[in-house]
Amino acid sequence: MRTMKVISRLLVAALILTPTAAFGATVAQLLAQGESRADAGARSQRQVEQAADAAIEMLNEYKNTTKVVDGLKVFNELLQKQVDNQEKEKDILRDSLVKIDDIERQIVPLMVRMIDGLEDFVKIDMPFLTDERAERLARLRGVMERADVTVAEKFRTVMEAYDIETEYGRTIETYNGALPGTDTNVDFLRIGRVALLYQNADGSQTGAWDKEAGGFVEIPNSTYQIAVRNGLKIARKDAVPDLLIVPIGPASASAE
């Protein structure tokens, strides 16, 4: 009987305590769920913010890439124009290469004729610097026969010889050498192509080229000795340029 009473009391206590414990468990669960949802929300917010940052970064990258692409388009258009112009230049050069053989075939005979003409001119010109001019003509003919010299270089050499001969006509010059046909050493005085004179070392003999006679002839010292001597000084730059009275054309005794 006593045992039954104890059991009854325990059952009553259990019935009284059970609702309170159940309520406490439910609140704790709800709080835990709330915290869990808050954590999940925070994670989601961070993910959203990260996604937004990534989107902004991608947008900026897209804008930068677009600018680069636009710049490349302009650059490519410019390059294309340059390529087009180079293609045109290539076409012009290609045409020139096709024609260059014809030009070479025409210009080589022209240069040979130019050398022949220069040689003929030297023969009928005043006989000054005969060895030097003859050697120059020989070099020209030698250059024309060389295969390792371009046509352009050959043409330049021929034109250079013409320039030198042209220069003789407007310069004054002196040089030393033997009077043709004699052993007498004299100083020659060339005044352009107007006069070619000479004088020996002591000034006792003065002469000039006589075209009609085809040789050098003596001219009166009384008239031309000082003039020729002064001309030699001017040619050597030992005296300032001055008026010279020299025989022009046929030099003869009548000049006295």
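User: Which residues of H4 are buried?

Analyst: Tyr224, Ala227, Val228, Gly231, Leu232, Ile234 and Ala235 are the buried residues of H4. Buried means under 20% relative accessible area, exposed means over 50%, and partly exposed lies in between, with a 1.4 Å probe and protein chains only. Helices (H or I, at least four residues) and strands (E, at least two) are DSSP runs, numbered from the N terminus.

User: Why do they line one face of the helix?

Analyst: Viewed down the axis of H4, the buried residues fall within an arc of 155 degrees, so they line one face. The arc is that of the directions from the helix axis to the C-beta atoms.

User: Before going on, what kind of model is this?

Analyst: This is a predicted model, in which local features need pLDDT of at least 70 and side-chain atom pairs count only at pLDDT 80 or more, whereas totals for chains, interfaces and linings use all residues. Residues are numbered from 1 along each chain as its sequence is written, and side-chain values use heavy atoms, with hydrogens and water left out.

User: Back to H4. Which exposed residues are on the face turned away from its buried side?

Analyst: That face carries Ser222 and Ile226.

User: And what do the buried residues pack against?

Analyst: The buried residues of H4 pack against strands S1, S2, S3 and S4. Contact here means heavy atoms within 4.5 Å.

User: What span should H4 have?

Analyst: At 1.5 Å a residue, its 15 residues should span 21 Å, and the end C-alpha atoms are 19 Å apart, which agrees. The expected span is 1.5 Å times one less than the number of residues.

User: New topic, the sheet. In what order do the strands come?

Analyst: The open sheet has five strands in the order S1-S2-S3-S4-S5, with antiparallel pairing. Two strands pair if DSSP finds at least two bridges between them. Strand S1 (172-178) and strand S5 (215-218) are the edges; each has a single partner strand, so one side of each is left without a neighbour in the sheet. From one strand to the next, the twist averages 30 degrees.

User: Where does H4 sit relative to the sheet, and what angle does it make with S3?

Analyst: Helix H4 (residues 221-235) packs on the sheet and touches S1, strand S2 (185-191), S3 and S4; its direction makes about 100 degrees with that of S3. Axes are lines fitted to C-alpha atoms, for helices over the stretch in contact, and angles run from 0 to 180 degrees between N-to-C directions.

User: How many bridges join S2 to S3, and how many join S3 to S4?

Analyst: S2 and S3 run antiparallel and are joined by six bridges. Three bridges join S3 (residues 195-200) to S4 (residues 206-210), also an antiparallel pair. Tyrosine 198 in S3 is the bridge partner of phenylalanine 188, and tyrosine 198 stands opposite glycine 207 in S4.

User: What about the turns? Which glycine has a positive phi in the S2 and S3 hairpin?

Analyst: Glycine 192, with a phi of about 55 degrees; three residues lie between the two strands. The hairpin of S3 and S4 has five residues between its strands, and glycine 203 in that turn has a positive phi of about 75 degrees.

User: Is S3 buried or exposed?

Analyst: Six of the six residues of S3 are buried, so S3 is largely enclosed by the rest of the structure. Ala195, Leu197 and Gln199 point one way, and Leu196, Tyr198 and Asn200 the other way.

User: Moving to H2. Which residues are buried there?

Analyst: Arg133, Arg136, Leu137, Leu140, Val143 and Met144 are buried in H2. They cover an arc of only 120 degrees around the axis, which puts them on the same side of H2. Asp131, Arg139 and Glu145 are exposed on the other side.

User: And leucine 129, what is its phi?

Analyst: Phi of leucine 129 is near 45 degrees, a positive value in a residue other than glycine. Leucine 129 lies in the loop between helix H1 (2-124) and H2 and is buried, with a relative accessible area of 12%.

User: Is lysine 237 buried or exposed?

Analyst: Lysine 237 counts as exposed at 75% relative accessibility.

User: Lastly, what pattern does the protein chain follow along the sequence?

Analyst: The pattern is α-α-α-β-β-β-β-β-α. Of the 256 residues of the protein chain, 24% count as buried.
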